[in-house]
Structure formats: C-alpha cells, structure tokens
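Okay, thanks for coming, everyone. I'll bring up the model, and then we'll go through some helix packing and a sheet.

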Amino acid sequence: VEIANQLQGIGASVNAGSGYDSTNVGLQTLTKNLDQALDIYTDVILNPVFPAKELESLRSRALVGLRQQRSNPNAISNNVYAKVLYGDQPYGRDNNEASLKAITRDDLVKYYESTFRPNNGVLIVVGDFNKATLKSKLEKAFANWKPGDVSARSIPAAKPIEKARIFIVDRPGSAQSVVSIGQVGVDRLNPDYYALNVMNTILGGAFTSRINMNLREDKGYTYGARSTWSFRRGAGPFSAGGDIQTAYTKEAVEEFIKELNDIRGGRPVTQKEMEYNKQSLIRRYPGAFETVGAISGQLASLVTYNLPQSYFNDYISRVNAVSLSDVNRVAKQYLDPAKMAIVIVGDRKVIEPGLKELGYGITILDPEGKPLETEAGPEH
C-alpha cells in the first residue's frame, strides 16, 4: 500500500506480470519524475520481501477469480482446449484450486532467486531522454543487483492428436456453444512465420476472412468466427472457433472443417485474396507502435523470441515476399483437420445428438478438462 501511494503521488505505476514465455516488471512515469520513480522501481525489483499477509490476500483473490472463471464458458474453453492439446506440458497447465492453495512463500522466494537476475534479463526504456544520462542513472540504480545461476528452461514437445475427436464440456441451458478446433502449431522462429500469418489472415484472422464471412455473414450462426496462431518459444496452439448459437453447433463445426479443408486445396487461395490480405497486415502494422507502452512491448518480443535486431525494418518486405505458392503450401503442411481436437463448451443434451452424426469419437470432460465419459465413435 505504501508503494502504491508513493507511485500515485507522482503519477507513476509499477506492474509485474508473466506470460507463457517471459516474466516482466514494468515502470511507467512522467519523464520529470523519473528519478523518484526509478528509486521505487529498483527497490521493488531488488528487495522484494513477499509478506505472508499479502500472499494470503492475493491467494484469496485468485481463488475467487478462479471460481468466477468456472462460470465463464470462454474461460472454461480456453483452459480445457489447452489441456486437451498439451496435457501436463507447461502450456497445458491451468490455474486450479489445488495449485493455488499449495503455493508457499518459500516457492515465491525460490522462483525469484532463480529468475530475477541481471544476466537473465534485458532492460528496455522508451521515452524522451538523454541516452548517456539515463544509462548512468540506470547503472547506478542497479549497481547492487548481482548475477546468479539461472537454470535453462525448455518446453517439452506436446504429443500430437492422432485422430480428430470431439470433446464436450456440458453447460446445461447455455444459449451458445463455445467452439475451438485445432492442433499444436509451430514456434515463433518457424521460417514459415510470415506465410502462416498471411494464410491465416485469409482463413480467419480478419473480419473479411473466409471463416467469418461464411459463419457470420452468410450462415448467421455467430456474431464472429476466427482462427489464430499463437506463436511462442515452444509450439503454440492453432485454433479456429467462435461463440455459436446452440441450435447450429453441428452445422458450425461442419463449416469450420469445410473451410479448413478448402484452404488446404479444396478451394486454394487466389492471388487477389493474398494481395488484399497482405496489404491488410502491412497497413495496420504501424498501429503496433503508437504508444511508449506498445513500443516497449514490441521491443520485448525481440528479446523473448530471440528475433534479429532488423526485424521491424524487415517486416513489410518479408510480408510482401510471401508468394501464392507459399500460402497454399503452408496451409497443406501445417493444417490437418483429420488430426484436430474439436472442443465444445455447451448444452450437451441439445448438441450431442447432432454432433454424433459427424462421425467423430466423443469424450465428455469436466470444466477442468478431466474425462468423464468416452465414446470411440465410427471410423471417420
């Protein structure tokens, strides 16, 4: 509370967070208050004490948040989809009551000591400053931060799904079914990154994409349908899906699968589609650099994913270099509907009879992704 009050008094903020591939502590401050803000920022990074009272308060709030998530079908879908694709691999682990209750203060201290080391991080600064003056201030502020041993952390490969299957999480009375269809994708450094982005913009990455125009504009099954690649240090997921009217769940799954098969060769991408969507990627690219926070985040991605220093300067030319044959090749190479998971959170009683007609095996899961029932289904 004292730290928060000090920051509020000078119009600054300090936030710590973590994602799938990195942990960060950020400071945002008025340039005129940098010296005061930097004192607080470095104190937070170098001298955390992890008070037991604060840990218990945070734990209580996290448990409440977790229970709220269990009533949110999209949150359930995200957690279950990750569990189905990755199992107990790090990308498949979600928050659960048992793990939240088991965390101790010693766990936090151990994680901090094995992670927050100057030889395991990069300091990024964006703003209006004199570089030499700022460098001197930062070196003085962090002078007592000592390097340490940091163990290498790797992401084990996830076991791919061998045959497409439907996974249902029952939510009786739900007016919509949350549908997620996909597979484990590729990592951020995959050489086909640009071609995959262009292909996905056509498939489901924009309002005018094939998936959205089909399921929303033509069929009216949903307010929006999409597809995404999550590029991470390890192979992140590919997913296609949306919130679908319960009565049309079966039909929507059929259309998703149709679009996935079409872009693989059933209806190959045209030159016109490719050029339109390449321009969409290029023209919205400057929007990722509109604020100091956005620029900082972009620079952080260079560090997290070990991208070349020339990445931003090369982006537009790399997108322009993607050819029609590249787009059609990566669609066939990286998408395989015959080996995708089809995860649906919805009213089982209403949706299951129609889904059985599609010929996939069906597994019923609880909201944490644990199997309750399994039906083999006919050969598909």
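Which residues in H11 meet which residues in H13? On the H11 side we have Lys278, Gln279, Leu281 and Ile282, and they meet Tyr315, Ile316, Val319 and Asn320 in H13, with contact meaning heavy atoms within 4.5 Å. Sorted by type, the residues of that contact are five nonpolar, two polar and one charged; here Ala, Val, Leu, Ile, Met, Phe, Trp, Tyr, Cys and Pro are nonpolar, Asp, Glu, Lys and Arg charged, and the others, Gly among them, polar.

Quick bookkeeping: this is a predicted model, local features need pLDDT of at least 70, side-chain atom pairs need 80 or more, and totals for chains, interfaces and linings use all residues. Numbering starts from 1 along each chain as its sequence is written, and side-chain values use heavy atoms, leaving out hydrogens and water.

Back to the geometry. The axes of H11 (residues 271–284) and H13 (residues 311–320) come within 10 Å and cross at roughly 175°. Axes are lines fitted to C-alpha atoms, for helices over the stretch in contact, with angles from 0 to 180 degrees between N-to-C directions. The pair is therefore roughly antiparallel, a label for angles over 145 degrees.

Now the sheet: seven strands, open, mixed pairing, in the order S5-S6-S4-S7-S3-S8-S9. Helices (H or I, at least four residues) and strands (E, at least two) are DSSP runs, numbered from the N terminus, and strands pair if DSSP finds at least two bridges between them. S5 and S9 are at the edges with a single partner strand each, so one side of each has no neighbour in the sheet. S3 and S7 pair in the parallel sense over six bridges.

Notes. Angles under 35 degrees count as roughly parallel, over 145 as roughly antiparallel, 65 to 115 as roughly perpendicular and the rest as oblique.
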